[in-house]
Amino acid sequence: DDDDLADYRRAIQHGGETLVVHVRWQAGLLPLKEWEAEVVDYLIDAVNEDGYLEDWDEACAHFRETFGLTPIHLEKVLKKVQDFDPPGVAARDLGECLHIQLQQMDASEAGHGLALVLVDKHLPLLARRDYPALRRATGHDEASLRVALALIQRLQPHPGRPYAAHESTYIEPDVFVTKHQGKW
């Protein structure tokens, strides 16, 4: 019936806030100069569904021509956006995304320093899971490496995904079999 269909549609739709809306709300809380607000808006629009910033070079060229801003000015504004929730939003690549998330964690957490080194300097080895090479490159033992890797595995490589609209796919049976008066 219509009520069941409406309930079904509500259940399969992701009704949460989008990433862009969430980040814009946070940007609205910052006291920004006019040019900074325009840069923030542009950067937020350039964030994809996964939470990554696209076309950084294009943004730099646009604002150099429009306002005469240097990449250093843009980096300062970008850092403000990257401090927003979810951690890692507006990163330009995976390494920067993981670095931002680690920077926002408690530095006294076990394995934090080594995790930063792994993400910043040894991401290709980490991606290949070349643990012997990581031990040689960092000079750390297997136990320390394991603690740092566990910390990295807790990070979200796609910070925008929890905000992405999606539809759950449920299998609907063709036939329902019920027991009625002791018979199927």
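Which residues of helix 6 are buried? In this predicted model, where local features need pLDDT of at least 70, side-chain atom pairs count only at pLDDT 80 or more, and totals for chains, interfaces and linings use all residues, the buried residues of helix 6 are Gly95, Glu96, Cys97, Leu98, Ile100, Gln101 and Leu102. Residues are numbered from 1 along each chain as its sequence is written, and side-chain values use heavy atoms, with hydrogens and water left out.

Helix 6 is mostly covered, with seven of its 10 residues buried, where buried means under 20% relative accessible area, exposed over 50% and partly exposed in between, for a 1.4 Å probe and protein chains only. Helices here are DSSP runs of H or I with at least four residues, strands are runs of E with at least two, and both are numbered from the N terminus. The buried residues of helix 6 pack against helix 5 (71-82), helix 7, helix 8 (123-128) and helix 10, contact meaning heavy atoms within 4.5 Å.

The axes of helix 6 (residues 94-103) and helix 7 (residues 112-121) come within 9 Å and cross at roughly 165°, which makes helix 6 roughly antiparallel to helix 7. Axes are lines fitted to C-alpha atoms, for helices over the stretch in contact, and angles run from 0 to 180 degrees between N-to-C directions; those under 35 degrees count as roughly parallel, over 145 as roughly antiparallel, 65 to 115 as roughly perpendicular and the rest as oblique. In this pairing, Gly95, Leu98, His99, Leu102 and Gln103 of helix 6 meet His112, Ala115, Leu116, Val119 and Asp120 of helix 7.

Helix 7 also meets helix 10 (residues 142-153), the two axes coming within 8 Å and crossing at roughly 75°, so that helix 7 is roughly perpendicular to helix 10. To this contact helix 7 brings His112, Leu114, Ala115, Leu118 and Val119, while helix 10 brings Ser144, Leu145, Ala148, Leu149, Leu151 and Ile152.

In the segment after helix 10 lies Gly160, which is buried, with a relative accessible area of 0%. Gly160 and Val47 are 113 residues apart in sequence, and 8.8 Å separates them in space, C-alpha to C-alpha. When its neighbours within four places in sequence are left aside, Gly160 is in contact with Leu19, Glu49, Asp50 and Gly51.

As for the cysteines, Cys60 is buried at a relative accessible area of 8%, and Cys97 is buried at 0%. A search of the whole structure finds zero disulfides, a disulfide being a pair of cysteine sulfur atoms within 2.5 Å.
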